[in-house]
Amino acid sequence: MAVSLLAHEISDLCLGKPALRSLPVSATVADALAALKTSDDPFLSVWDCSPHHHHHQSPGSAAATGEFHCRCVGKVCMVDVMCYLCRDDNLLSPSTAFTTPVSDLLPKIPGLVTHLEPSSSLLEAIDLILQGAQNLVVPIKRRQSTSSRRKQQQQHPKSLTTIHNGSEFCWLTQEDVVRFLLSSIGLFSPIPALSIESLGIIASDDGVLSTDYHSPAISALGLISRSLTDQTSVAVVDADGVLIGEISPLTLASCDETAAAAIATLSAGDLMAYVDGGGPPEDLVRVVNRRLKERNLEAMVEDFSPLSSQSSLSSSSSSDEESSLASPKTTLARLSSSGGRYSRSASYSARMVRRAEAIVCHPKSSLVAVMIQAIAHRVNYAWVVDDDSCLVGIVTFSAILKVFRENTTPL
């Protein structure tokens, strides 16, 4: 019966999903930023609708007829913008960075985005995910006539649209697949009741993205970018390996671009405090402004109005600055008071407020318990800790899907 379940068409998983809002690949970083600030969706798809160029174009070619075959080439969120602004050359001139093409924000990893037909099987989707696809793009609605909409898109190439190739599309995510499997979890018995340790799906060492609490957040920039691509997070640990919290791309994505200045100047621990409150704490805003000026990065203060509005606070003394910063013990106290988990309040973005936690489990936790826990908190992973709260590893939806795939007889 499990085989029959995996034979389901993926269109079954796309019912009721919203259409992707998109940007053309020709849009700039500034266009992407403006669109993200006005969109309810933290992610926007990026599409390439350019005709294929040939040395000799016939009268009936795409360029001649105005017909374009569009393909999704990636997706962007606020974290992509932040990480881009934190590059050395862009720190000195953020305004210049905003004029670059949005394609510069996309990971140069083949196969991250894959198009699938609605008639494709769930098993095909799982195989693609296990091969590295992070975003499956599926048509969800057909349009009989799109000529007027296409003309409108050509006149306004930077406007958001949901129509491509006469269709609307949606993301089919790892969460969608795991949620669907969970709805019929009994068909896979006894696998779901086994511990994640016995199944061998706890990734450690190279599989865990982590940084020290006191390390500069900018040193974890590559980890933040990778966690965004992998749909995981960056663990923040102390010198003893205790999990203090995480730098979550999902939480960063609900901030605005000014958080780039915090990434560039604060420690990993302080960055958590900066994005986890109801707004950036004033003491940390003072620290950010102070350090920006010390590093001759005033351009970031000038370009980012939320920081420049606080510039009068940047004259605080060094002793005030250091006394305001949190310590791992302070954060651990918060962790203890929240039932053993690091409680995360919402970001300070006016357009979105998100509350989340660093989700943890133990090596003896059952597979189904981890699935339920991750889905309930809308994350694709769970941190694995021991009885002393030391980080052991991570369990991802990708690893979970591999278990189901390996325990299913080929169709």
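Begin by selecting F188 and F404, both of which are buried in this predicted model. A search of the whole structure finds three aromatic pairs. F188 and F404 form an edge-to-face aromatic pair, with 4.8 Å from centre to centre and 75° between the planes. Colour the chain by secondary structure to see that this pair links distant parts of the chain. F188 belongs to the loop between α9 (174-182) and β7 (210-212), whereas F404 belongs to helix α20 (residues 397-406), 216 residues apart.

Next, select Y381 and W383. Their ring centres are 5.7 Å apart and their planes lie at 65°, so this pair is edge-to-face; planes over 60 degrees apart count as such. Both Y381 and W383 are buried.

Move on to K75 and display the side chains of F43 and W171 with it. The charged end of K75 sits over the ring of F43, at 4.2 Å from the ring centre. The charged end of K75 also sits over the ring of W171, here at 5.5 Å from the centre.

Finally, centre the view on S254, in the loop between α11 (249-252) and α12 (259-265). Is S254 buried or exposed? The relative accessible area of S254 is 0%, so the residue is buried, the cut-off for that class being under 20%. Show the backbone of T251 as well: the side chain of S254 reaches the backbone oxygen of T251 at 2.7 Å.

Technical notes
Residues are numbered from 1 along each chain as its sequence is written. This is a predicted model: local features need pLDDT of at least 70, side-chain atom pairs count only at pLDDT 80 or more; totals for chains, interfaces and linings use all residues. Side-chain values use heavy atoms; hydrogens and water are left out. Rings of Phe, Tyr and Trp (its six-membered ring) pair if their centres lie within 6.5 Å; planes under 30 degrees apart count as stacked, over 60 as edge-to-face and the rest as tilted. Helices (H or I, at least four residues) and strands (E, at least two) are DSSP runs, numbered from the N terminus. Buried means under 20% relative accessible area, exposed over 50%, partly exposed in between (1.4 Å probe, protein chains only). A charge sits over a ring if NZ of Lys or CZ of Arg is within 6 Å of the ring centre and within 35 degrees of the ring normal. A polar contact is a pair of N or O atoms within 3.5 Å; within protein, one must be able to donate a hydrogen and the other to accept it, and residues adjacent in sequence count only if both atoms are side-chain atoms.
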